[in-house]
Amino acid sequence: MTDSVIAPDATPDTIAGVVRDAPFVRLVARDDGDSLAAASLLAGAARGVDTPFQIRIHPDPAGTIDDATGDSGPGPSAGTDDEVHVLVGVEGIETTTTSANDRSAGDGSADDGSADDRSTATESYVLRSDGRPASTAAFAVGTELGGDPDPVLALAGVVAAGSVPGTDGSGTALDVATQRGLVERQPGLAVPSPETDDGLATGIAASTLFHAPYSGAPDDVRATIGADVLADADRRRVASTVAVDVVAPAAATQRASSAVERALRPYATTGPVGTVGGYADVLDVLARESPGTGIALALAGTGVNDDLRSAAIETWQTHGTAVHAAIAETTMARYDGVSVARVSAPAATLPTVARLLREYRSPEPVTLVLDPDAGRVAAAATDPTGIGTALRRVAAERDGTGWGGPTRGGARVPMDDDGSAVIAATREAL
C-alpha cells in the first residue's frame, strides 16, 4: 500500500516545479470536464519535460472510494517509491490522507510511464486555482514550463466549469487561441457539430448545457427550428429560440437566463469538435461515462482520428438523451432549502441531472437527485454549502460511501424506502 501525504494547495509555479523534477507524476482528477481538461494539460506539460505520467479520473480524488466510474485505461495501478501525486479539482476541506491503491479499481486512466508495486509514503499536491477553473491553472503550469499548452482545451475546461471563455483567468488562453486562428466567435449554439442541419438538431437535443422543452428529441428540435440553419441569420434565430424556450416554462428558474449564456454565441474551433462549448460538454460527459475516451480525446487535440471522435460524440448523445428523459419524467418535491427529484436513470447521469435541475428547474439553492432502487444520490448547490461533507456523513451512517465538495457531490447509500430517510438526513446534515 502507498500512503499519500497531501501537501497544502500548490500554486501553478509550485506544480510546474513538481512536474519538472518528479520521476513519475500521477494526475488524479475529479470526474468533470474542467478537471479532465486540466489533468490533460498537465500531462502535456509533463511530456514536454520528459516526465512519465498517469492520469486517473475519480469522483473523489483525495478520498478512499474503492471504485470509480468509467473504463480502465492502460498502464500500472501500483505506485512507485518516488512518484508524486497531483490532485486536480479538489476543493479545500476535501484533502484527506488516502491510499493510491484505493483508487486503482475501475478508474479511467491513461499513462506515459511504468511503475512498480512498492510500499512507501507518496507526496501529493493539490493544484490551486483560487476559485477559478482548474484548467486556467493547468494552462499556467504548461506556460511556466516553457511548453505550448493547448489553449482550446483550456477554454473547453473553462466552459465545463460553468464559465465563459475570456473570464475567470482564461484571458491568456483566449488570446493565444485567437491569435493562432484556433477559435472564432460565431452566432448560434455551442454544440459539437453545428456545421450541418443534422449535427445542430441532434446537438441541441443532446446538449447538457441547457434544458429546453424539446431537449432529448431531435425530431422535436427540427420541428421547432426548421430545416435550413446554416446561414448566420438562421443561427441567430435558432439561438434566440432556444434562449427564449429555456426560460419560458412556468417551472423555469430565474437562474436559467444566465445559465444558458455559455451555450450562446459559441467559439468555433479547429479542435476535436466544432465548438469550444460543445467540446466542454463532451468532456464533461466523458469524465463520468468513459474517462479513457475523454483523456484520449483531450490529449489528441487537433490530431484526433474519426473513430475516437465518433465514439466520444456517440457517448455524449446517449448520455444527454438519458439525462433529458430523466428530467422530463421526474416531479420535483420542494423542502425548505432543498429541491428533491426521484429518478430511475443510469448512475453516471445523476450528477448531470442534478446540475441541470439546479440551473433550470430547482427553486431552492440545493438540488438532491435520488435513484432509490439503485441506492444512488447526486446533489448540486448554487453556492458552497458543504455538499460533500453532508453526503459523507449521511452515507457513513448507513454503511455507504459519500464524496464531493462544497457545491456538488454524490453517494452510494442503501435505501429501504423511497429515499425519504436519506432526504431527511441530508437536509439535517446541511
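This is a predicted model: local features need pLDDT of at least 70, side-chain atom pairs count only at pLDDT 80 or more; totals for chains, interfaces and linings use all residues.
Student: Which way do the residues of β12 point, and are they buried or exposed?
Tutor: V366, L368 and L370 point one way from β12, while T367, V369 and D371 point the other way, and all are buried. Buried means under 20% relative accessible area, exposed over 50%, and partly exposed in between (1.4 Å probe, protein chains only). Strands (E, at least two residues) and helices (H or I, at least four) are DSSP runs, numbered from the N terminus.

Student: Ok, in which sense do β11 and β12 pair?
Tutor: Parallel, over 5 bridges; two strands pair if DSSP finds at least two bridges between them. R342 has L370 in β12 as its bridge partner.

Student: And where does the chain go from β11 to β12?
Tutor: It crosses through helix α13 (residues 350-360), and this β-α-β crossover is right-handed. That is, with the strands pointing away from the viewer, the path from the first strand over the helix to the second runs clockwise.

Student: What about β12 and β13?
Tutor: They pair in the antiparallel sense over 6 bridges, with D371 opposite R376 in β13. The two strands form a hairpin with 4 residues between them, and G375 in the turn has a positive phi of about 65°.

How values were computed. Residues are numbered from 1 along each chain as its sequence is written. Side-chain values use heavy atoms; hydrogens and water are left out.
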